[in-house]
Amino acid sequence: MPPGEPAIEGLPGAVAWEQSLYEGFTVAGRYSSTDVTVSGDLAVQQLAGQLTITPKAGGDPMTETIKGVHVLRRQADGSWKIAVDVWNADSPAPGGGEN
């Protein structure tokens, strides 16, 4: 659920969204805090950090302070995969609206 956009559903939608992002930008992220709670085969991660995107066509990098929640699901092989990813920025949305 990227900020300021409709929710993305399913793996094909997520892959298409990320491909379009990475075609135009270099993306770097860093968590400044994270807290994980595990219950059975589900885990919830509350996070905060910074996300920097730099246009590949040139221009200044844009850095946002973000916070979000990941819901992870344990897979049959014991690994964990993100099932739900919700985040937003601490700064106001363009035009003075709220995120």
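Trainee: Which residue forms a salt bridge with Lys 67?
Mentor: Asp 90 does, and the closest N and O atoms of the two are 2.7 Å apart. The pair links distant parts of the chain, 23 residues apart: Asp 90 is in the segment after strand S4 (80–89), and Lys 67 is in strand S3. A salt bridge here is a side-chain nitrogen of Lys or Arg within 4 Å of a carboxyl oxygen of Asp or Glu. Helices (H or I, at least four residues) and strands (E, at least two) are DSSP runs, numbered from the N terminus.

Trainee: And what kind of model is this?
Mentor: It is a predicted model, where local features need pLDDT of at least 70, side-chain atom pairs count only at pLDDT 80 or more, and totals for chains, interfaces and linings use all residues. Residues are numbered from 1 along each chain as its sequence is written, and side-chain values use heavy atoms, with hydrogens and water left out.

Trainee: Back to that pair: what are the relative accessibilities of Asp 90 and Lys 67?
Mentor: Asp 90 has 46% relative accessibility, so it counts as partly exposed. Lys 67 is at 35%, so it counts as partly exposed too. For the labels, buried means under 20% relative accessible area, exposed means over 50%, and partly exposed is in between (1.4 Å probe, protein chains only).

Trainee: How many salt bridges does the structure hold?
Mentor: It holds 2. Besides the pair of Asp 90 and Lys 67, the side chains of Asp 41 and Arg 74 meet in a salt bridge, at 3.0 Å from N to O. Asp 41 lies in the loop between strand S1 (25–39) and S2, while Arg 74 lies in strand S3 (residues 62–74), so this pair ties together parts that are 33 residues apart in sequence. Asp 41 is partly exposed, with a relative accessible area of 48%, and Arg 74 is partly exposed at 33% relative accessibility.

Trainee: New topic. Is His 70 buried or exposed?
Mentor: His 70 counts as buried, because its relative accessibility is 6%. You'll find His 70 in strand S3.

Trainee: Which side chains does the side chain of His 70 make a polar contact with?
Mentor: One is the side chain of Gln 45, at 2.7 Å, and another is the side chain of Asp 85, at 3.2 Å. A polar contact is a pair of N or O atoms within 3.5 Å; within protein, one must be able to donate a hydrogen and the other to accept it, and residues adjacent in sequence count only if both atoms are side-chain atoms.

Trainee: What else does His 70 touch?
Mentor: Not counting residues up to four places away in sequence, His 70 touches several residues, including Tyr 31, Ala 43, Leu 47 and Ile 82. Contact means heavy atoms within 4.5 Å.

Trainee: You mentioned Gln 45. Where is Gln 45 found?
Mentor: Look in strand S2, which covers residues 42–55. Gln 45 is at 12% relative accessibility, so it counts as buried. Its side chain also makes a polar contact with the side chain of Thr 34, at 2.8 Å. Leaving aside neighbours within four places in sequence, the contacts of Gln 45 include Tyr 31, Asp 35, Gly 68 and Leu 72.

Trainee: And Gln 46, is that one buried or exposed?
Mentor: Gln 46 is exposed, with a relative accessible area of 53%. Gln 46 is found in strand S2, and leaving aside neighbours within four places in sequence, it is in contact with Ser 33, Thr 34, Asp 35 and Gly 68.

Trainee: What about Gln 75, where does that lie?
Mentor: In the loop between S3 and S4. Gln 75 is partly exposed, with a relative accessible area of 28%. The C-alpha atoms of Gln 75 and Thr 63 are separated by 33 Å, and the two residues are 12 apart along the chain.

Trainee: Let's zoom out. What pattern does the chain follow along the sequence?
Mentor: The pattern is α-β-β-β-β, with 1 helix and 4 strands in the chain. Its C-alpha trace spans about 45 × 25 × 25 Å along the principal axes.

Trainee: How much of the chain do buried residues make up?
Mentor: Of the 99 residues in the chain, 14% are buried.
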